[in-house]
Amino acid sequence: MANQDFRICSESGLKVYKNAETLIKWNVIAALATLAVGGLMALLVALTRWPSVHLLGLTEYYRFLTAHGVDALLAWILFFEMALVYFASTVVLGTRFRGVVVGWISFALMLIGGALINVIIIMGRADVMFTSYAPLKADPLYYLGVILFAVGALIGFIMFFVNVVYAKRDGGFKRSLPLGSFGLAAASIIGVLTLAHGAGIFIPAFLWSLDFIGYIDPSAYRLVFWGLGHSSQQINVCAMVAVWYMTSAFVVGGKPVNEKLSRTAFVLYILFINLASEHHLLVDPVLSTWHKIVNTSYMMHLAVLASMIHAFAIPASIEVALRKQGFRSGLFEWFKKAPWGNPAFAAVALSILLFGFLGGITGVIFGTEQFNIIRHNTFAITGHFHGTVVAGTTIAFMGFTYLLIPCIFKRQLIWKGFAQIQPYLYAVGVAMLSIGMMSAGAFGVPRRHYDITFSGAPFSFTFDPAIDMFMSMMGVGALLAVAGGVLFILIGFGSMIWGKEVK
Amino acid sequence: MEETGKSTGPIPGWQKFMDNIFLLLALGVVIPTLIYTVWGLWEIMNIPRLPIVP
C-alpha cells in the first residue's frame with residue numbers, strides 16, 4: 001500500500017485511509033441531512049401535540065409523524081452508525097476499507113431507500129406511522145424503500161466484519177479488538193439480527209401490498225416487526241456506549257478500569273438485549289405469560305446489568321484519567337476540572353446522565369409486565385424512548401461529530417462558542433421534552449393521539465388539569481431542543497464547508 | 001487508543017470467547033431468534049382459529 005493512500009490525523013494520531021475517509025464523510029453528511037428533516041418534522045409534530053398550539057391538521061399530523069419516525073429514528077441514526085462502524089473497523093485499526101465498492105453500494109441503497117420512503121410519505125401514500133402495523137397498508141414503494149434501506153444498512157454492518165478480518169491479517173490488532181471497535185462489533189452483530197427481522201417482515205408486507213400474498217397475520221407482524229423496531233434501538237445503545245468509551249479515550253485519555261468487565265458487558269448486550277423487543281407485546285393477549293416473562297424479566301435484566309457496568313466503568317475511566325493528569329485534590333477536583341467546554345466531552349457526559357436517569361431507568365420500569373399494563377401506549381412511553389434515542393444516542397452522536405469534523409473532514413469547528421453551549425441547550429430541551437411526556441403519560445395522556453381534547457367525539461373525557469403544565473413543558477422543551485438541533489446542523493455543515501483546514 | 005491485550009501468558013477461555021466475534025455473531029443471532037421470534041411464532045401458529053374464520 002502506497003503511503004499517499006493514508007494520512008496521520010494530527011488531532012488523534014490515527015491513520016486515516018482515503019477510501020475509508022470518503023465513505024465516512026458521506027455517511028455523516030447523509031446523517032446530518034436526515035437529522036435536519038427529522039428535526040423539522042419533530043417541531044411540527046410537537047407543536048401539534050402541544051394543545052395550546054395544535055398546529056397541523058389531522059392528516060398532516062399523522063403524515064409528518066410517520067416521516068419523523070423514519071428520519072429521526074432510522075435514517076439519521078443508521079447513517080451515523082455506518083460512519084461509526086467504518087471508522088471503528090478502519091481508522092481505529094489503522095487499515096484501509098476493503099471492498100469499498102460494496103461500501104458505496106450500501107450507501108446508495110440506503111440513500112435511495114430513504115428518499116423513496118420520504119417521497120411516498122409526503123405524497124400521502126403511506127400514512128401508516130412508523131410501525132405500519134398490518135392490516136394498515138401502504139403503497140408498495142414504501143415497503144420497497146424500507147427494504148432497500150435495510151439491505152443497504154445490513155451490507156454496511158457486514159462490511160464491518162470484512163474490514164476487521166483484513167485488519168487482523170494486516171496487523172491492525174493482534175488478539176482483541178480495541179474496546180471501541182469491540183462495542184461496534186456488538187452493534188454490528190445486533191444490526192445483522194435486526195435487519196434480518198426487517199427483511200423477514202417487510203418483504204412479505206411488500207408482497208402483500210402488491211396482492212401477491214392475501215393476508216398477513218397482525219400478531220405475527222407485530223412480533224417480527226419489533227424484532228426490527230426495538231432491536232434497531234439496541235444497535236443504538238451499543239453504538240452509543242462505544243462512542244462513550246471512544247470519546248473518553250480521545251478527549252481525556254480514559255481507559256476502562258477493568259477492560260474485561262466492559263467487554264463482558266458488551267457480550268451481555270449481544271446475547272440478551274434484543275429480547276427487550278417483547279416490551280411492545282406485553283399487553284398483547286396472543287403471547288403466553290411464559291414468553292413474556294422469560295423475554296423481559298429473566299433474560300432482559302442481564303442486558304440491564306450490562307448497562308449498569310458501563311454506567312460505572314465510563315465515569316470511572318474519566319476520573320482515573322483526569323486524576324492521572326494531576327487533578328487529585330479532594331474528591332471532586334477531577335470533576336470540576338473536566339473539559340466541560342469541549343462539546344464532545346460535554347455531549348458524552350450529558351448523554352450518560354440523561355440516558356441513565358431518563359431513558360434507562362424508565363425503560364426497565366416500563367418493561368415490567370405489571371407496570372406496562374398501566375403505561376402501555378401512553379405518552380410516558382414516548383417520553384422514555386426520547387430519553388434513550390434522543391437524550392442518549394443523538395447527543396452522544398452529536399458529540400462524536402465534533403471529533404469527526406477535525407479528524408475526518410480535516411476542518412476546525414466554526415462558531416466555537418456556540419458549539420460549547422450546543423450540547424447543553426439540546427440536552428435541557430430534550431430533558432424537558434422527555435419529562436413532560438412521561439409526566440403527562442402518567443395521567444393517561446395517550447401517545448400518537450392527534451387531539452387529546454377529543455373535540456367532536458360522541459363522548460367527553462377530561463384529563464387532570466395538571467397535564468396542561470406537562471404538555472407545555474414538552475412543547476417548550478421541543479422548542480429548545482430544535483434550537484439546539486438547528487445549531488448543531490449549522491455548526492456541522494458550516495464547519496465542513498467554511499471551517500479552517502486542519503493541517 | 002485503547003488496550004489491545006498485551007499479556008503473554010495463556011489466554012483465559014472467557015477472553016478467547018470474547019475475541020471470537022464470529023462465534024458471538026452466531027450466538028447473538030441464534031439466541032434471540034429462538035427465544036423471542038421462533039417461540040413467539042410457534043405460539044401464534046398454535047392459537048386455534050375462530051370457527052367463523054374460513
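A:Asp127 and A:Arg63 join their side chains in a salt bridge, N to O at 3.0 Å. A salt bridge here is a side-chain nitrogen of Lys or Arg within 4 Å of a carboxyl oxygen of Asp or Glu. A:Asp127 sits in the loop between α3 and α4 of chain A and A:Arg63 in helix α2 (residues 58-91) of chain A, so the pair ties together parts that are 64 residues apart in sequence.

The model is predicted: local features need pLDDT of at least 70, side-chain atom pairs count only at pLDDT 80 or more, and totals for chains, interfaces and linings use all residues. Residues are numbered from 1 along each chain as its sequence is written, chains are lettered from A and ligands numbered from 1 in the order in which they are written, and side-chain values use heavy atoms, with hydrogens and water left out.

**Terms for place and cover**

- Helices (H or I, at least four residues) and strands (E, at least two) are DSSP runs, numbered from the N terminus.
- Buried means under 20% relative accessible area, exposed means over 50%, and partly exposed lies in between (1.4 Å probe, protein chains only).

**Salt bridges**

- Over all chains, the whole structure holds 14 salt bridges.
- In the pair described above, A:Asp127 is partly exposed at 31% relative accessibility, whereas A:Arg63 is buried at 17%.
- A second bridge links the side chains of A:Arg125 and A:Asp139, at 2.7 Å from N to O.
- Both A:Arg125 and A:Asp139 lie in the loop between α3 and α4 of chain A, so this pair ties together parts that are 14 residues apart in sequence.
- A:Arg125 is partly exposed, with a relative accessible area of 35%; A:Asp139 is buried, at 15%.
- A:Arg169 bridges to A:Asp170, and their closest N and O atoms are 3.3 Å apart.
- Here A:Arg169 counts as exposed at 58% relative accessibility, while A:Asp170 is partly exposed at 38%.
- One network, built from salt bridges that share partners, joins A:Arg7, A:Lys18, A:Glu21, A:Lys25 and A:Lys410.

**Backbone geometry**

- Most residues other than glycine have a negative phi, and most peptide bonds are trans.
- The peptide bond from A:Ala134 to A:Pro135 is cis, and its omega is near 10°.
- A:Pro135 belongs to the loop between α3 (100-122) and α4 (140-169) of chain A.
- A:Arg448 is not a glycine, yet its phi is positive, at about 65°.
- The loop between α14 and α15 of chain A holds A:Arg448, which is partly exposed with a relative accessible area of 26%.
- A:Phe454, also a residue other than glycine, has a positive phi near 55°.
- A:Phe454 is placed in the loop between α14 and α15 of chain A.

**Nonpolar surface patch**

- A:Trp415, A:Phe418, A:Ile421, A:Val486 and A:Leu490 make a nonpolar surface patch of about 470 Å².
- Patches are made of residues with over 30% relative accessible area and no salt bridge; like charges are joined within 9 Å, and nonpolar side chains (Val, Leu, Ile, Met, Phe, Trp, Tyr) within 5 Å.
- Accessible areas come from the Shrake-Rupley method with a 1.4 Å probe; for residues, only the protein chains shown count as cover.
- A:Leu490 is in helix α15 of chain A and counts as partly exposed, at 44% relative accessibility.
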